[in-house]
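The following note sets out points on helix packing, the chain interface and backbone geometry. Please read it alongside the sequence and coordinates shown here.

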Number of protein chains: 2
Amino acid sequence: MTDKRVTVSDAIFLAAESRESMMHVGALMPFSPPPDASPDYLRLLMRELRDAPPVSAPWNTKLKNPDFLSSPRQRWIDDQEFDLDYHVRRSGLPYPGGERELGILVSRLHSVQMDFHRPLWEVNFIEGLDGGRFAMYTKVHHSLIDGYTAMRVLSSSFTTDPEERDTPHFFLRERPTRHSAGEPVATFSGLFALVREQMDGTPMFWKAVGRLGKSLGGRGKHLAAPLQAPKTIFNCRVSRNRRFATQSYKMDRLKAVAKAANGTLNDVALALCGAALRRLLLDLDALPPEPLIAMLPVNLRPKNDPGGGNAVGAILASLATDIEDPVDSLQEIIASTKEAKRQLEGMPRSTILQYSALLLAPMSVQLATGTAGRVRPAFNVVISNVPGPKEHRYFRGAQLEAAYPLSIPVHGYGLNITLNSYAGTLNFGFIGCRDALPHLQRLAVFAGEALEQLEATHL
Amino acid sequence: MTDKRVTVSDAIFLAAESRESMMHVGALMPFSPPPDASPDYLRLLMRELRDAPPVSAPWNTKLKNPDFLSSPRQRWIDDQEFDLDYHVRRSGLPYPGGERELGILVSRLHSVQMDFHRPLWEVNFIEGLDGGRFAMYTKVHHSLIDGYTAMRVLSSSFTTDPEERDTPHFFLRERPTRHSAGEPVATFSGLFALVREQMDGTPMFWKAVGRLGKSLGGRGKHLAAPLQAPKTIFNCRVSRNRRFATQSYKMDRLKAVAKAANGTLNDVALALCGAALRRLLLDLDALPPEPLIAMLPVNLRPKNDPGGGNAVGAILASLATDIEDPVDSLQEIIASTKEAKRQLEGMPRSTILQYSALLLAPMSVQLATGTAGRVRPAFNVVISNVPGPKEHRYFRGAQLEAAYPLSIPVHGYGLNITLNSYAGTLNFGFIGCRDALPHLQRLAVFAGEALEQLEATHL
């Protein structure tokens, strides 16, 4: 039986939850069915699930005080009336079942706030994709599990063997220990938690932050001055609805460009995002003259490090949106990330954490004081890169085609881009506020065209 | 340009809104496509909509204070950034696209709270029903339009001519005057508004109600004593999720039974509901020994009455769930409704309103004081009968098969049954709290079996 206090890290995401800034993360995973799949492949799968053993912790635990999320006496308890049909769902797509219809459905599903009276996860099997394909959309509240661990847990319920059809679903396995050994968590939400943990939760501290916020409201320019990022149309108060767009590129293409330009794969990914943002904002006559600034969670641990503890830092990098020429723009980004990483290189781990906290402090203050989206942003957009499995994965014989992360837009930061590597591809998930970014879909299109343009330069 | 105060009646539904008791109503309408329909019939329809003229009032108006619904300064204003794609949607069903899959999707859609930052309506076109059929699910907040008017407005956007394909959609027409002449509004929500209007909104009145509620909390039995209805598993606090089930019967079958038993069509409908509830509760070992009591909104205006003003009353009738024999049970219901209606017959209109308000007062007090679902209920279930069109209706050549209403479960009253007559059929919409009624679907099945049983008795 479960009955345990929520951790500080869980509590942060519960306290931050609101109808507009919802603290759940997701993943969209399209699959190609096995050659021998019958038309009711998914229905049979559902039947298998209904006959499955009871779900494991934490998937069967819910909050004790669902109507007062930030209760100091908040606990995780067993859901005695666990309702599997609520958590495991089936959906269909309208004709013709293309990426467009899938994106619309997933945007809608991600816009619905979770029911805090139940275990905070859902899996949706989506049928009706062209060619008999289907997709899995998972949604987990960040207080239950972080996005990085969620991705690991999901991966573990898939297999590298297309013939293996018995691997238990993730909710039938115990969650691995949070942030345990192995690779560090280099995501926005990981950092978000980290920094808010650093900012000690005593009332005195929050009072001081409040005063800071008030002075910020009065003479915003003074505190905002050290921040380089210009305000954009998506650095605003967010509404409760989301738009989601995806794009996947072969890693080899990105690597070839990176090699030619003497930069990293991540630099090229940033260049695609920067070029797409530049075009979108230019089309809307809303491109600021100053370059947009991205915040990048980075893994600073050397290879073969035994692990343990945190080794995640944040760096700010220019997206060079002020430069029209794609090659010059990429070179500017490469220079910017190099310089940012050099800053951290000599630092001991504790200093890196402090330095990262400092970079993120303006955002934290804005979120804590409710000024986010009303004042100049600390940066424009978070771009995280989450490592995924290197080989193809299978689920009941169906091949996982891609895995697109859905992260958390918050007030002031109405766009989030998260990348996930998988089997020789890099998968981009663009998620934003529906109202701030009515043409968010174009980011995915423009990013693809930017890659073609870079390849065409033979740089 | 719209900028007008919300009416008292609108304000009531805004004030009553909460995440658990959501004040939106809906209708589910399956259609048979025209013989010449192409596979992208609905997609073409969407294209037609996007090229349509701007939507008319009130469909383009939103609340001025969406974050403080019961603001005394609440107003309806134009939505300057009206986003048609948000309001007109497409969905698909998973395989095999039967009534079950449709019911699950509509239950989910009806469980999502509306976004009060936008005009309070949605239309969802649902594809993937077997045989190329599709369905329309509409959702409207009761503050924007009442369910009865909504049904009239919807009907007016359909046509009796299968060849007529240009009738404008309801949101491209002005809403007719609320509660205007013609037939009276005999629905639960109509009554709900009426009674709360009667209960004068002055602070003094609500203070008195508050005191009443406190004494009720202390010694509930005393005030509850005059109420006959037993507490059941669904007379509880409701959760935020819904279940929805439907059933349609040929009017001729119901009329034949009514004639043989010397009762009304409505009596037979009540008998089906009563028999279904008896079986469901018996299966769950939760049938109270006392008969369940239904509250029925009734239209008391004689035929050919010129109309104007309200002529709606409420009566309470036994559902005879304590009687096993179906014929005896029907006879008991007939006697009960006769007696209830006789009470009202001689009364002038104003007295009927007062009498109805008195019947509903315990429910109103419970809802106002937050004791609903914690004390003995004023009655067990509301069963409304809303008249619909007598002839078949068509929409872009597709034949409307049925129209199932989705009404409002509230705390204390976790089940609502609303009937709608259409083209020689009576359509039942059962809607309830997902958690209180995990087997709600069985009500629809049991009601059908109860009808067969009554027919077999050759009474």
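1. In chain B, α10(B) passes α11(B) in a right-handed crossing (right-handed if the near helix is turned clockwise from the far one by less than a right angle, left-handed if anticlockwise). The helices, residues 265-283 and residues 326-345 of chain B, pack at an angle of about 125 degrees with their axes 9 Å apart. Axes are lines fitted to C-alpha atoms, for helices over the stretch in contact, and angles run from 0 to 180 degrees between N-to-C directions. α10(B) is therefore oblique to α11(B); angles under 35 degrees count as roughly parallel, over 145 as roughly antiparallel, 65 to 115 as roughly perpendicular and the rest as oblique. Helices (H or I, at least four residues) and strands (E, at least two) are DSSP runs, numbered from the N terminus.

2. This is a predicted model, in which local features need pLDDT of at least 70 and side-chain atom pairs count only at pLDDT 80 or more, while totals for chains, interfaces and linings use all residues. Residues are numbered from 1 along each chain as its sequence is written, chains are lettered from A and ligands numbered from 1 in the order in which they are written, and side-chain values use heavy atoms, with hydrogens and water left out.

3. On the α10(B) side, B:Asp267, B:Val268, B:Leu270 and B:Ala271 meet B:Leu330, B:Ile333, B:Ile334 and B:Thr337 of α11(B), contact meaning heavy atoms within 4.5 Å. By class this contact has 6 nonpolar, 1 polar and 1 charged residues (Ala, Val, Leu, Ile, Met, Phe, Trp, Tyr, Cys and Pro count as nonpolar, Asp, Glu, Lys and Arg as charged, and the others, Gly among them, as polar).

4. In chain A, α10(A) (residues 265-283) and α13(A) (residues 441-456) pack at about 120 degrees, with axes 8 Å apart. The two are therefore oblique to each other, and their crossing is right-handed. The residues that meet include A:Leu272 and A:Leu280 in α10(A), and A:Phe446 and A:Leu454 in α13(A). The contact divides into 12 nonpolar, no polar and 4 charged residues.

5. The axes of α9(A) (residues 251-261) and α10(A) come within 8 Å and cross at roughly 100 degrees, which means that α9(A) is roughly perpendicular to α10(A). A:Met251, A:Leu254, A:Lys255, A:Val257 and A:Ala258 meet A:Leu265, A:Val268 and A:Leu272. Here the division is 7 nonpolar, no polar and 1 charged.

6. Chain B and chain A bury about 2500 Å² between them, 39% of it on carbon and sulfur atoms; buried area is the accessible area (1.4 Å probe) that two parts lose on being put together, summed over both. The contact takes 31 residues from chain B and 30 residues from chain A.

7. Across this interface there are 6 salt bridges (a side-chain nitrogen of Lys or Arg within 4 Å of a carboxyl oxygen of Asp or Glu). B:Asp435 pairs with A:Arg118 at 2.8 Å, N to O. A:Asp115 pairs with B:Arg240 at 3.6 Å, N to O.

8. Most residues other than glycine have a negative phi, and most peptide bonds are trans. The bond from A:Ala57 to A:Pro58 is cis, with omega near 5 degrees, and a cis bond also joins A:Tyr95 and A:Pro96, with omega about 0 degrees. A:Ala423 has a positive phi, near 45 degrees, and is found in the loop between β15 (415-422) and β16 (425-433) of chain A.
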